[in-house]
Amino acid sequence: MWKYIFTKHTQQQFPLGEQLYALLEVFPDAFFFKDGAGRWQIINEPAKRLFHLEGIPWKGKTDMELAEVHPDFREIHEACIADDEKAWQAKQLIVVEEKMVREDGHQATYETRKLPLFNGNGEALRQIEWVGFTMQRSSCVPNRS
């Protein structure tokens, strides 16, 4: 398995900047960057809409702090905390399914990829999360008589 380690050289080669922000806004999926303590650092507009964060100061807050500010999302924030811990413990990319209520009020299943990043000393540096909508599979089987 790959281990993702950021060194000073890597950070200088690939600085977070305008190009990254522009790239994140192109995708319809939600992207999150959290620091090693779980504080939200960077999110794109689809992430703001998914968590209904328009007008809510989210930067630098943890999922638990956001749950306090936005109690309707407490359950999903608690699930995110548990899944984040799984990724940190695995020290590699993990994929989990999360259920959330969409803007239109319907429940949807999302495939979330969580990639923990560590510095050269093995300390938690940041976590990247990509949340993509997953189509629900129908449990109906067509009758082929």
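Which way do Ala30, Phe32 and Lys34 point from β2, and which way do Phe31, Phe33 and Asp35?

## Strand β2

Keep in mind that this is a predicted model. Ala30, Phe32 and Lys34 point one way from β2, while Phe31, Phe33 and Asp35 point the other way. Either way they face, all of these residues are buried. That makes 6 of the 6 residues in β2 (residues 30–35), so the strand is largely enclosed by the rest of the structure.

## The hairpin with β3

Next comes the partner strand. β2 and β3 (residues 40–43) run antiparallel and are joined by 3 bridges. Phe32 has Ile43 as its bridge partner in β3. The hairpin has 4 residues between the two strands, and Gly38 there takes a positive phi near 85°.

The largest nonpolar core has 18 residues, and the members touching the most others are Phe32, Trp40, Ile43, Leu50, Phe51, Leu53 and Met100. Two or more residues come from each of β2, β3, α3 (45–50), α5 (74–90) and β5 (107–119). There's also a second, separate core of 5 residues, with Leu20, Leu24, Phe31 and Ile42 among them.

Back to Leu53: setting aside neighbours within four places in sequence, Leu53 is in contact with Trp40, Ile43, Lys48, Trp58 and Leu66.

## A greasy spot outside

On the surface, Leu23, Val26 and Phe27 make up a nonpolar patch, together showing about 290 Å² of accessible area. Val26 belongs to helix α2 (residues 18–26). With a relative accessible area of 64%, Val26 counts as exposed, because the cut-off for that is over 50%.

Notes. Residues numbered from 1 in each chain as written. Predicted model: local features only at pLDDT ≥ 70, side-chain atom pairs only at ≥ 80, totals over all residues. Heavy atoms only, no water. Patch = residues over 30% accessible without salt bridge, like charges linked within 9 Å, V, L, I, M, F, W, Y side chains within 5 Å. Areas by Shrake-Rupley, 256 points an atom, 1.4 Å probe, with all protein chains shown as cover. Salt bridge = Lys/Arg side-chain N within 4 Å of Asp/Glu carboxyl O. Buried < 20%, exposed > 50% of the residue type's maximum accessible area, 1.4 Å probe, protein only. Pairing = 2+ DSSP bridges. Core = buried A, V, L, I, M, F, W, Y, C linked by side-chain atoms within 4.5 Å. Contact = heavy atoms within 4.5 Å.
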